[in-house]
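Trainee: I'm new to this structure. Could you take me through one part of the inside up close, and then show me where that part sits in the whole?

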Amino acid sequence: MTDEKFFETFRQRAEEGLRLWESPSVAVGVVKDGKVVLCEGFGRRDVEKDLPATGRTLYQIGSCSKAFTSALVAILVDQGKLDWDAPITRYVPDIRFYDDFTTETVTLRDLLSHRTGMPRHEYAWYGTDFNKEQLVHNLRYLEPNQPIRSVFQYNNQCFILAGYIVEQVTGKSYEQCLQEYLFDPLGMGRSNAFIDDIEGDADHAAPYDRTDPNDSVHGMRLIPFYRTPVEDKARGIGAPLGPAGSINSCAEDMLKWVQLHLSNGAWEGRQLISEDAMAQMHRPSMLLNAPLDMPMPETTFWCYGLGWFMEMFRGRKIIHHGGNINGFSGFTCFVPDLNLGVVAYTNMNGSYLHYALGREIIDHYLGVEDGNWVQRYHDFVAERSGAMPKLLLRFTGEQVSGTSLSHPLADYTGVFRRDGYTPVKVTEENGALFLSFINARVKMRHFHYDTFVLDGILGELPAGIPVHFRTAEVGGQIDALSMPLVTEEKGELVRFIKEVSHEER
């Protein structure tokens, strides 16, 4: 099928996909053999204002930002200011991880390939008001659940640390480094890393989420941008999560980014990043047991390089990264053997439509026409949503009927603290308990014994997540609570200790 015929059909498929996924818009770009063959938007970037999406519409690209952080490290490696494999204490002597061995041996390669042994500890940063320095300091309080370099475990804090190291070595902010070393040389004039910049742009996509948090494929509601109280563009202070996922960009700009990778670091006659450093980023550094994407027979040999996933797809190596942040999802991909780059971004939280459209395009250039990716991804997400009760059972266990609380309701209230996390506050109101954490307040209902479950979502945790209250061995009073905030294998419950009031001392 010719490109012209394919893209004529593809445009129809994109519009049909938006309807199937009940999503507002998607912007898609394709570069083949150095030539941009598609750069368009589909649907409405702002449904309420009936504004169309374009190839220049700004979207938040979420974790697609991680490859930019790796590229900044690569540039500094080329300059002799950083080393992939030196202990990072060479650059940040005060850094501490939970155990001494990791502290003394962890390298930038470990940080950038998710192999430090530390699980996500996602709610140690998400929804908090910690600044970047505090997040880096707090790493010492976050328990690992695997030995270093033994298992791939996706981790945002380690990319935050890598960006922090870039700042310490250059004496510039992460956002300044993006602009000076990457955006400006590549002519990515639409790209930025501040919420003020995307909100203030005349052509930006508004963020959307599902109306029912337990339904991942139906409903659409406008939500706010994820903005931390620390971010302050006027003072040049970016989001603490910046190196892990703060970039705002468009399909037009991101095609320049993938072209840089397809050309092994060269851009318009200038070598921005050495071929050796590019090879380091594109080479597997850690094996995965299974893809984070939808399981599919077309893929094998899942790996992570430095800021990039890679796999064999229909016998071809593809290098890619997805992204998700409140109201936005993205897919950035290139296929070196085909000299092909594909980007797709949508303003729907947790959508997989962009993945589906990206694989449709790759299939076209592989001469395959029966992928049916839009429907397959839709069915996968719908089925996974239906499996939530079984997933929650892993955290709660089977409910035991006829049990009661061991203490009066008021005894469960108070402030519960833990190093590395923001406090948890439990209050009583009209005979019910409410939990406040990461700037969210959720009602709880009794499950059994001294276990409650959340009646609403907490961050991105679904309703039904348990809160286990603990009694002291001496005295029997309620002295702690724990929640399954670390969900990886061998991850332990995160325990918060109750603050003792003046009356109790």
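Mentor: Let's start with a word we'll need: a contact, or touch, means heavy atoms within 4.5 Å. This is a predicted model, where local features need pLDDT of at least 70 and side-chain atom pairs count only at pLDDT 80 or more, while totals for chains, interfaces and linings use all residues. Residues are numbered from 1 along each chain as its sequence is written, and side-chain values use heavy atoms, with hydrogens and water left out.

Now go to Phe437. Leaving out residues up to four places away in sequence, Phe437 touches Tyr123, Tyr421, Thr422, Pro423, Val424, Leu458, Met483, Leu485 and Phe496. Phe437 belongs to the largest nonpolar core, which has 122 residues, and together with Phe68 and Trp257 it touches the most other members. A nonpolar core here is a set of buried Ala, Val, Leu, Ile, Met, Phe, Trp, Tyr and Cys residues joined through side-chain atoms within 4.5 Å. Buried means under 20% relative accessible area, using a 1.4 Å probe and protein chains only. There's also a second, separate core of 36 residues, with Phe10, Trp21, Val335 and Ile362 among them. In soluble globular proteins, nonpolar side chains tend to be buried together.

Zooming out, buried residues make up 58% of the 505 in the protein. Of the contacts with a separation of 6 or more, 62% join residues 24 or more positions apart. Along the principal axes, the C-alpha atoms fill a box of roughly 75 × 50 × 45 Å.

Definitions and conventions: Buried < 20%, exposed > 50% of the residue type's maximum accessible area, 1.4 Å probe, protein only.
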